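Here is a short report on one protein chain. Keep the sequence and the 3D view open as you read.

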Amino acid sequence: TKGADGNTAVSLSPDRSGTVTLTLFTTSDTCKRLTATYEILRSSGLLGAAPLTVTDPSGATLVVAAQAVLTERGENSLGLGENTRDFTFYCETMFDIALDEDIAKEVNDTLKGASIGL
């Protein structure tokens with residue numbers, strides 16, 4: 001911000017929260033597991049938080065959240081062709097990092113080895 005007197009002030013928001021939305025084919029195993037997880041959480045009245053790591057298959061982006069909460073499950077549509085469903089996670093603290101291609105590939109390969117997968 002620049003004031004009328006020419007002074008300049010810079011500030012960064014300490015807010016590191018964000019949302020991650022995954023769009024999955026309804027026939028995928030991950031979609032089925034997340035749908036079941038969402039229904040269990042809703043029917044139990046609990047909000048469970050778990051670590052979330054998203055890696056871009058091209059290796060350029062890495063999103064890491066220590067505690068992600070599954071807050072929304074998109075509607076299931078039926079029709080001709082492959083249908084999708086969206087899942088939205090709220091992350092209290094989220095880091096979205098653009099990486100050098102070589103480093104991103106190394107991180108991606110390491111995370112694949114450590115992934116429990118849904």
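## A serine at a helix end

Ser 44 counts as partly exposed, because its relative accessibility is 40%. Ser 44 belongs to helix α1 (residues 29-44). A polar atom of its side chain lies 3.1 Å from the backbone oxygen of Leu 41.

Residues are numbered from 1 along each chain as its sequence is written, and side-chain values use heavy atoms, leaving out hydrogens and water.

pLDDT is the predictor's confidence in each residue, from 0 to 100. The chain has a mean of 82, and 85% of its residues reach 70 or more. Confidence is highest in β4, at 94, and lowest in helix α2 (residues 101-114), at a mean of 65. Where pLDDT is low, the predicted coordinates should not be read in detail.

## The strands

Helices (H or I, at least four residues) and strands (E, at least two) are DSSP runs, numbered from the N terminus. Two strands pair if DSSP finds at least two bridges between them.

Strand β3 (residues 61-73) pairs with strand β2 (residues 49-55) in the antiparallel sense, over six bridges. Here Val 54 has Val 63 as its bridge partner. β3 also pairs with strand β5 (residues 94-98), antiparallel, over five bridges. Ala 65 stands opposite Met 94 there. β3 and β4 are antiparallel too, with five bridges. In that pair, Arg 73 faces Phe 87.

## One salt bridge

How many salt bridges does a search of the whole structure find? It finds one. A salt bridge is a side-chain nitrogen of Lys or Arg within 4 Å of a carboxyl oxygen of Asp or Glu. The partners are Glu 39 and Arg 73, with their closest N and O atoms 2.1 Å apart. Glu 39 is in helix α1 and Arg 73 in strand β3, so the pair ties together parts 34 residues apart in sequence. Glu 39 is partly exposed, at 34% relative accessibility. Arg 73 is partly exposed as well, at 22%.

## A buried arginine

Arg 85 sits in strand β4 (residues 84-91). Arg 85 is buried but has no salt bridge. The nearest side chain of opposite charge, Glu 75, is 5.8 Å away. A polar atom of the Arg 85 side chain does lie 2.9 Å from the backbone oxygen of Gly 74.

Technical notes
Predicted model: local features only at pLDDT ≥ 70, side-chain atom pairs only at ≥ 80, totals over all residues. Buried < 20%, exposed > 50% of the residue type's maximum accessible area, 1.4 Å probe, protein only. Lys, Arg positive; Asp, Glu negative; His and termini not counted. Polar contact = N/O pair within 3.5 Å; in protein donor to acceptor, adjacent residues only side chain to side chain.
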